[in-house]
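Here's a quick briefing to read with the model open beside you. Have a look at the fold first, then come back for the details.

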Amino acid sequence: MCTSIFMKGDVPLYGRNMDLYYELDFRVVTTPRNYPFYFRMAGKLKCHHAMIGMAVVKDGYPLYCEAANEHGLYMAGLDFPDNAYYSPEPDGEKINISPFELIPFILGQCKDITEVKEILSRVNVTAVPFDDDMPLSPLHWHIADRKGSVVFETTERGQHIYDDPVNVMTNNPPFDFHLLNLAHYVGLSNKNPESDCEGIGINPFSFGFGAVGLPGDFSSSSRFVKASFVLGNSVCESDAESRISQFFHVLSSVAMPRGSVEARDGANDVTVYSCCIDAEHGVYYYNTYGNVSISAVRMKEDELLGDELLQYNVSITPEIKFLN
């Protein structure tokens, strides 16, 4: 369960909520240009675009949940159970890439959506897990550059690249359903309606009546609608701090407090972390369920020529500022 968004502007911002009901050892990871990626069936990528994002590092390999590269291209993997389909056999006429390899494969070589679409047309996503202890994750991907975003899905119907006009993605069902479903909510507005009951005296008794009917539950289809509404009506100052703060507020509108969603075996599905990436300046901002203060990691130019991962522990301890 996750929500990914792209906020347009002079400095575009990308990011997501990571919603999970189990724990993983997340850390912010910068992959410099000369860290070698060894793909299972697609050879070696020794020199590539640098990238930064949240990952689980296993056996020295960054398993990115989402990341952005130094050219401002963003990519996030979101849960897509019962719909994701990976080819059981390699295709001799395609580039065979496992799902866990797709983010570094794309971000390592592409600078924008045009290049992404071209290379994805030649990709066959294959059912090859990282190892026996880490099975395949059913995923689809939200990808954005400074001009717009797309969704990449591979199902039994085939591989599809959808243009994403609302710059939002969640989970099931497939993306074409989410876009069609928005038709149910075209009448919603951030403005209060005027009464059409003349002479009766029925008027809205508070602000917000224009959005009556906006979903408030945590299902993936409802989060898609709500995030699209909140992002589409978002207003903030133009300075960087205001926009970053606003970005986190948009994500918080669809975040999951502990206890609101029960997942498997009684576990609670919660928003483990939220992130905002300013890829223009190479900065990864995040907060966690335990620490809502915003932390940041820079992608420094003098570190990008290396060949070793740069890893930063994630802050989960609350930071409370006393004023007296």
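This is a predicted model: local features need pLDDT of at least 70, side-chain atom pairs count only at pLDDT 80 or more; totals for chains, interfaces and linings use all residues.

Residues are numbered from 1 along each chain as its sequence is written, and side-chain values use heavy atoms, with hydrogens and water left out.

**The sheet**

- Six strands make an open, antiparallel sheet, in the order E14-E1-E2-E15-E16-E17. Strands (E, at least two residues) and helices (H or I, at least four) are DSSP runs numbered from the N terminus, and two strands pair if DSSP finds at least two bridges between them.
- Strand E14 (168-169) and strand E17 (295-298) sit at the edges with a single partner strand each, so one side of each has no neighbour in the sheet.
- Helix H4 (residues 220-232) packs on the sheet and touches strand E1 (2-7), E2 and E14; contact here means heavy atoms within 4.5 Å.
- The direction of H4 makes about 20° with that of E1. Axes are lines fitted to C-alpha atoms, for helices over the stretch in contact, and angles run from 0 to 180 degrees between N-to-C directions.

**Strand E2 and its partners**

- E1 and E2 run antiparallel, joined by six bridges, and a hairpin of five residues links them.
- Ser4 has Arg16 in E2 as its bridge partner.
- E2 also pairs with E15 in the antiparallel sense, over seven bridges.
- Eight of the eight residues of E2 are buried, so the strand is largely enclosed by the rest of the structure. Buried means under 20% relative accessible area, exposed means over 50%, and partly exposed is in between (1.4 Å probe, protein chains only).
- Both faces of E2 are covered, with Leu13, Gly15, Asn17 and Asp19 on one side and Tyr14, Arg16, Met18 and Leu20 on the other.

**Pockets**

- The largest pocket has a volume of about 1000 Å³. On a 1 Å grid over the protein atoms alone, a pocket is an open set of points where a 1.4 Å probe fits, with protein on both sides within 12 Å along at least five of seven lines; lining residues have an atom within 4 Å of a point. Grid points are joined across faces, edges and corners, and the volume is the space filled by probe spheres set on them.
- Its lining has 40 residues, with Leu20, Tyr22, Asp79, Ser137 and Leu139 nearest the centre.
- E2 gives the most to this lining of the largest pocket, with four residues.
- The lining of the largest pocket divides into 28 nonpolar, five polar and seven charged residues. Ala, Val, Leu, Ile, Met, Phe, Trp, Tyr, Cys and Pro count as nonpolar, Asp, Glu, Lys and Arg as charged, and the others, Gly among them, as polar.
- The second largest pocket comes in at about 460 Å³. Strand E15 (residues 270-278) supplies the largest share of its lining, three residues.

- Asn172 and Pro173 are joined by a cis peptide bond, with omega about -10°; Pro173 lies in the loop between E14 and helix H3 (175-181).
- Asp59 has a positive phi, near 55°, and is exposed at 70% relative accessible area.
- Asn167 has a positive phi too, near 60°, but counts as buried at 8% relative accessibility.
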